[in-house]
There are 2 protein chains.
Amino acid sequence: MGYHLRDVVGRAIEVLDEYGLESLTMRRLAAELGLQPSALYHHVPNKQTLLAAIADEILRRGRRERRAADWDRRAVEVCANLRDAMLAYRDGADVVITAYTFGLGASEPAGELREALREGGLSGNVAEVGTRALLHLTFGYTAEEQAALQAAGAGAIDWEPAGGGDFEAGIELLLDGLRSKVHR
Amino acid sequence: MGYHLRDVVGRAIEVLDEYGLESLTMRRLAAELGLQPSALYHHVPNKQTLLAAIADEILRRGRRERRAADWDRRAVEVCANLRDAMLAYRDGADVVITAYTFGLGASEPAGELREALREGGLSGNVAEVGTRALLHLTFGYTAEEQAALQAAGAGAIDWEPAGGGDFEAGIELLLDGLRSKVHR
DNA sequence: ACCTGAACACCGTTCAAGT
DNA sequence: ACCTGAACACCGTTCAAGT
């Protein structure tokens, strides 16, 4: 017997996906594991750290292989993969974005984007600005989309959930700007 | 005697700015007003509604006149104004973005952006995608910047706060993409 | 109309103690 | 190493009652 960190994180993701972030409390998670709340603090120093570990695991599970050869197609691929990974679990966007804001996650997609833009011939500064812009767009669209999807699923809602078309269109708009900065 | 909604919202913004969003509890706010917690529910149906009212007031107070004549300069103006308004209060970005996500605020900047892009000759769909992209970029950059600023102010931090230059650069990147979509 | 007092059903976290 | 039991210092919200 005796749980390990990965068991705790795994169960936390189940609770998150089934009942939502607002129901993912330390007490609720402990009960779900048949433990006292205080027992969780043997595996994790606090709730924020647990949420960061959940964010990492969500991204790890959603990670797909890169196939595109061109730098701009690969940038789209990274963003679309990030979006899909977050959409795969209830409130996934919330959890991942919060962890990223606290400097505790999503560093891998950022690194991949920066690499792609540099490979495309963009200067260090433009690649940096472009990377952050692509990440912010991906986070923003996905958070909005997931909120709309969940609101629609929960009941009364009027404004249509937008879908993935608008997301890709937004990313392409930014890539248009980036491509114009490539000096041949 | 007897408070009105605007007194409650005003005091809430003071508490927010001085002690941060995590300290802005209904109980704390009530104490600050010399009231019982239950008294707040006479002015506001719940905390979420109060936060939306705070977001509205933050944007109202930060609102500046529009001066730019060109559509693209005015779009930058709207975004920069939105950013400044959020940065003016501690955790302002958090509060405004959350309200926007719940469909309870920031509808005015969105309307102004849409109008500017349409005036620039962009089709309805491109204007819509562009508006959302500009908003997401503004929100993302500002939230990240404010988090970094506050982390730097609180003590140990290494990564530099980025500043407004990167923000404008990101917005310009997107405008490059939008300008290329204007058919003359 | 605006507020009090008391309660309900929760939180995250700490800490001594057990095995 | 992993967990229990009990406590501390809080939350948002409801509701009967007062003026």
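Me: How many residue pairs are in polar contact across the interface of chain A and chain B?

Reply: In this predicted model, the rule finds 10 such residue pairs, both residues being at pLDDT 80 or more. Helix 5 (92-101), helix 7 (124-154) and helix 8 (164-179) of chain A each give two or more residues to the side that touches chain B. Helix 7 of chain A gives the most, with 10 residues. By class, this side of chain A has 12 nonpolar, 7 polar and 5 charged residues.

Me: How many salt bridges are counted between chain A and chain B?

Reply: The count is 6. In one of them, the side chains of A:Asp176 and B:Lys181 meet at 2.4 Å, N to O.

Me: What area do chain A and chain B bury between them?

Reply: The size of an interface is often given as the accessible area lost when the parts come together. Here chain A and chain B bury about 2200 Å², 65% of it on carbon and sulfur atoms. A:Arg132, A:His136 and A:Leu173 supply 28% of the area that chain A buries against chain B, more than any other three residues.

Me: How many aromatic pairs does the structure hold, over all chains?

Reply: There are 4 aromatic pairs over all chains. The ring centres of B:Tyr100 and B:Phe139 are 5.2 Å apart with the planes at 55°, so this pair is tilted. B:Tyr100 lies in helix 5 and B:Phe139 in helix 7 of chain B, so the pair ties together parts 39 residues apart in sequence.

Me: Is B:Phe139 buried or exposed?

Reply: B:Phe139 counts as buried, at 4% relative accessibility.

Notes. Residues numbered from 1 in each chain as written. Chains lettered and ligands numbered in written order. Predicted model: local features only at pLDDT ≥ 70, side-chain atom pairs only at ≥ 80, totals over all residues. Heavy atoms only, no water. Buried area = accessible area lost by both parts, 1.4 Å probe. Salt bridge = Lys/Arg side-chain N within 4 Å of Asp/Glu carboxyl O. Polar contact = N/O pair within 3.5 Å; in protein donor to acceptor, adjacent residues only side chain to side chain. Helix = DSSP H or I, 4+ residues; strand = E, 2+ residues; numbered from the N terminus. Nonpolar A, V, L, I, M, F, W, Y, C, P; charged D, E, K, R; others polar. Phe/Tyr/Trp six-rings, centres within 6.5 Å; stacked < 30°, edge-to-face > 60°. Buried < 20%, exposed > 50% of the residue type's maximum accessible area, 1.4 Å probe, protein only.
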